[in-house]
Amino acid sequence: MPDDAFLVIDQLVEERKRQGVTQQQLSALTGINQTAISRIESKRISPTIQTVDILADALGCSLRLSKKDAK
C-alpha cells in the first residue's frame, strides 16, 4: 500500500478514536462491515476512495493527503 494510503488510514483511525466511536458503531453508521473496517485500519486491505469518503463522511471529517500534515 502506498505511503499516502497509510496516512489516510491513520487519520481516519485517529479521528474515530478521538470521537470515541467504535468500529462496530462506525459499521452501523456506514453499512460497511466491521470486519472490513478492522482490515482497513490494520492495513491488511486497501480501501477504495469511495469507502474512505463514506467513512470520513460518517465521522464528519475530511482527510488530508499531504505528508507535511502528518507531522
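Lys43 is found in the loop that lies between helix H3 (34-41) and helix H4. In this model, which is predicted, Lys43 has a positive phi of about 65° although it is not a glycine. Most residues other than glycine have a negative phi.

The secondary structure of the chain comes to four helices and zero strands, and from the N terminus on the elements follow one another as α-α-α-α. Of the 71 residues in the chain, 32% are buried. The chain exposes about 4700 Å², of which carbon and sulfur atoms supply 48%. When contacts between residues at least 6 apart in sequence are considered, 62% of them join residues that are at least 24 apart.

The loop between helix H1 (3-18) and H2 contains Thr22, a partly exposed residue whose relative accessible area is 38%. Between the C-alpha atoms of Thr22 and Gln34 the distance is 9.4 Å, with twelve residues separating the two in sequence. Gln34 is also a partner of Gln23, a residue of helix H2 (residues 23-30), as the side chains of Gln23 and Gln34 make a polar contact at 2.6 Å. With neighbours within four places in sequence left aside, the residues in contact with Gln23 are Arg16, Gln34, Ile37, Ser38 and Glu41. The relative accessible area of Gln23 is 17%, and because this value falls under 20%, Gln23 counts as buried.

Gln23 belongs to the set of buried residues of H2, which also holds Leu26, Ser27 and Thr30. Viewed down the axis of H2, these buried residues fall within an arc of 105°, so that they line one face of the helix. The exposed residues Gln24, Ala28 and Leu29 are carried by the face of H2 that is turned away from its buried side. After H2 comes Gly31, and the phi of Gly31 is positive, near 80°.

A corresponding description can be given for helix H4 (residues 49-58), in which the buried residues include Thr51, Val52, Leu55 and Ala56. They cover an arc of only 130° around the axis, which places them on the same side of H4. On the face of H4 turned away from its buried side are the exposed residues Ile49, Gln50, Asp53 and Asp57. Just after H4, a positive phi of about 70° is taken by Gly60.

The two helices also meet each other. The axes of H2 and H4 come within 10 Å and cross at roughly 105°, an angle that makes H2 roughly perpendicular to H4. Where the two helices meet, Leu26, Leu29 and Thr30 take part from H2, and Ile54, Leu55 and Ala58 from H4. Among these residues, Leu26 and Thr30 are buried residues of H2, whereas Leu29 is exposed and is carried by the face of H2 turned away from the buried side; on the other helix, Leu55 is among the buried residues of H4.

Terms used: Residues numbered from 1 in each chain as written. Heavy atoms only, no water. Buried < 20%, exposed > 50% of the residue type's maximum accessible area, 1.4 Å probe, protein only. Polar contact = N/O pair within 3.5 Å; in protein donor to acceptor, adjacent residues only side chain to side chain. Contact = heavy atoms within 4.5 Å. Arc of directions from axis to C-beta. Areas by Shrake-Rupley, 256 points an atom, 1.4 Å probe, with all protein chains shown as cover. Axes fitted to C-alpha atoms, helices over the stretch in contact; angles between N-to-C directions. Parallel < 35°, antiparallel > 145°, perpendicular 65-115°, else oblique.
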